[in-house]
Amino acid sequence: MSIRILTIDDHPLVRNGIRAMLEVEPDLVVAGEAGDADDGLAQFRRLLPDVVLVDLQMPGCNGIEFIRRLRAEFPEARVAVLTTYSGDGNAREAIAAGAYGYLLKSALRGELIDALRKIAQGKRCVSNEVSQEISRHIGDEALTARELTILTALARGWENKRIANEMGISAETVKSHLTRIFEKIDASNRTEAFHIALRRGLVRLDD
């Protein structure tokens with residue numbers, strides 16, 4: 001039995017590369033392609049593929065929100081993120097949304113093909129690099145929803161006063177939250193916190 005795969009990525013060259021990689025495998029078939037989440041959901045309804053490969057960053061609806069929408073309509077859907085982002089925050093959020101896999105576009109061909117076969121069997125599969133990043137932070141104290149909101153605002157370059165006004169809190173409260181955020185993610189200043197947040201996928205500026 002062939003494993004039918006739907007690829008969702010806004011870059012045609014990436015989709016073409018995935019097709020070229022998979023079409024030489026006797027048990028893997030690219031059943032369809034889509035350039036965004038809305039078309040991807042429509043294609044899934046039409047094709048009912050065995051595995052979906054979705055990019056994390058796309059215009060409009062991102063890959064994680066797509067997974068939430070897909071799994072709400074098709075709870076048994078087997079979907080994996082295929083991305084360049086190795087941050088543990090992105091991976092944990094994707095898995096929590098219902099992803100069976102979190103794979104990197106930099107993975108060797110054999111790793112990707114093996115992962116697709118495992119996911120088609122209902123197994124979970126996370127790239128080794130991402131697994132190591134998750135393990136590195138597994139004992140860290142989690143950021144609260146408010147801290148994540150402030151960290152996102154920080155990543156957008158907002159000053160404390162603007163953050164305070166937008167959230168309806170005092171600038172001193174913002175400063176207190178930032179102190180806790182720096183402690184939790186091991187940052188010494190705003191610039192370092194910004195880079196750590198983006199690298200780990202703790203914030204997404206496309207939202």
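**Close-up views of a predicted model**

**View 1. Helix H7 and the residue that follows.** Just after H7, Gly157 takes a positive phi of about 85°. Helices (H or I, at least four residues) and strands (E, at least two) are DSSP runs, numbered from the N terminus. The model is predicted: local features need pLDDT of at least 70, side-chain atom pairs count only at pLDDT 80 or more, and totals for chains, interfaces and linings use all residues. Residues are numbered from 1 along each chain as its sequence is written, and side-chain values use heavy atoms, with hydrogens and water left out. H7 spans residues 145–155. Its buried residues are Glu147, Ile150, Leu151, Thr152, Ala153, Leu154 and Ala155. Buried means under 20% relative accessible area, exposed over 50%, and partly exposed in between (1.4 Å probe, protein chains only). The cover over these buried residues includes helix H8 (160–167), H9 and H10.

**View 2. Helices H9 and H10.** H9 covers residues 171–185 and H10 residues 190–200. Their axes come within 11 Å and cross at roughly 55°. Axes are lines fitted to C-alpha atoms, for helices over the stretch in contact, and angles run from 0 to 180 degrees between N-to-C directions. The two helices are therefore oblique to each other. Angles under 35 degrees count as roughly parallel, over 145 as roughly antiparallel, 65 to 115 as roughly perpendicular and the rest as oblique. The crossing of H9 and H10 is left-handed (the near helix is turned anticlockwise from the far one by less than a right angle; clockwise would be right-handed). H9 contributes Leu178, Phe182 and Ile185 to the contact, and H10 contributes Arg190, Ala193, Ile196 and Arg200. Contact means heavy atoms within 4.5 Å. The residues of this contact divide into five nonpolar, no polar and two charged. Ala, Val, Leu, Ile, Met, Phe, Trp, Tyr, Cys and Pro count as nonpolar, Asp, Glu, Lys and Arg as charged, and the others, Gly among them, as polar.

**View 3. Helices H4 and H6.** The axes of H4 (residues 88–97) and H6 (residues 128–136) come within 9 Å and cross at roughly 100°. H4 and H6 are therefore roughly perpendicular to each other. Asp88, Ala91 and Arg92 of H4 meet Val130, Glu133 and Ile134 of H6 in the contact. Here the residues divide into three nonpolar, no polar and three charged.

**View 4. The six-stranded sheet.** The sheet is open, with the order S2-S1-S3-S4-S5-S6 and parallel pairing. Strands S2 (28–34) and S6 (125–126) are its edges, each pairing on one side only. Two strands pair if DSSP finds at least two bridges between them. S1 (residues 3–8) and S3 (residues 51–54) run parallel and are joined by four bridges. Leu6 has Val52 of S3 as its bridge partner.

**View 5. Gly101 in strand S5.** Gly101 lies in S5, residues 101–104. With a relative accessible area of 0%, Gly101 is buried. Leaving aside residues up to four places away in sequence, Gly101 touches Val79, Ala80, Val81, Ile119 and Cys125. Gly35 is 66 residues from Gly101 in sequence and 20 Å away in space, C-alpha to C-alpha.

**View 6. The whole protein, for context.** The protein has 10 helices and six strands. Its C-alpha atoms fill a box of roughly 60 × 30 × 30 Å, taken along the principal axes. Of the 207 residues, 46% are buried. Among contacts with a separation of 6 or more, 67% are between residues 24 or more positions apart.
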